[in-house]
Amino acid sequence: MRQAGTYSGIRFGGNGSHCLPLARIKKIMKSSSGSGSDEEVKMISGEAPIVFAKACELFIQQLTHKSWTLTLQSKRRILHKHDVASAVLATDLFDFLLPLVEHQNDDDDLKS
């Protein structure tokens, strides 16, 4: 069994630096458990928000990298929301975001 400490670059214990606020993640974890389910989360271990924070950071990093690549291919230096939408459409990993992207495209069409 592994000891607490470093696991895949995530620091457990100590005061590791986190880009996302752990208290906010913990609050979201507790509030989202109540929506649509009968059970409510009362306690969350100290490591769970750290793992979620790292997962969110990696997700944001991946999406940003894909979006930036598309921006550079278009010979631009400014990232626009349609670059992010194109990255979502072009990457199977982000298929769960398709309804949001399609909804955003519908809203843009109505404004035109």
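Let me start with a term: buried means under 20% relative accessible area, exposed means over 50%, and partly exposed is in between, with a 1.4 Å probe and protein chains only. By that scale, phenylalanine 96 is exposed, at 55% relative accessibility.

Ground rules next. This is a predicted model, where local features need pLDDT of at least 70, side-chain atom pairs count only at pLDDT 80 or more, and totals for chains, interfaces and linings use all residues. Residues are numbered from 1 along each chain as its sequence is written, and side-chain values use heavy atoms, with hydrogens and water left out.

Now the rings. How many aromatic pairs does the structure hold? There are 2. Rings of Phe, Tyr and Trp (its six-membered ring) pair if their centres lie within 6.5 Å; planes under 30 degrees apart are stacked, over 60 edge-to-face, the rest tilted.

Phenylalanine 59 and phenylalanine 94 are edge-to-face, at 5.8 Å centre to centre and 80° between the planes. Phenylalanine 59 sits in helix α2 (residues 47-73), and phenylalanine 94 in the loop between α3 (81-90) and α4 (98-111), so this pair ties together parts 35 residues apart in sequence. Helices here are DSSP runs (H or I, at least four residues), numbered from the N terminus. Phenylalanine 94 is buried, at 1%. Phenylalanine 59 is partly exposed, at 31%.

Phenylalanine 59 also pairs with phenylalanine 96: centres 5.9 Å apart, planes at 45°, so tilted. Together, Phe59, Phe94 and Phe96 make one aromatic cluster.

Last, charge. The whole structure has 1 salt bridge, meaning a side-chain nitrogen of Lys or Arg within 4 Å of a carboxyl oxygen of Asp or Glu. Arginine 76 bridges to aspartate 83, closest N and O atoms 2.6 Å apart. Arginine 76 is partly exposed, at 22%; aspartate 83 is buried, at 3%.

Terms used. Helix = DSSP H or I, 4+ residues; strand = E, 2+ residues; numbered from the N terminus.
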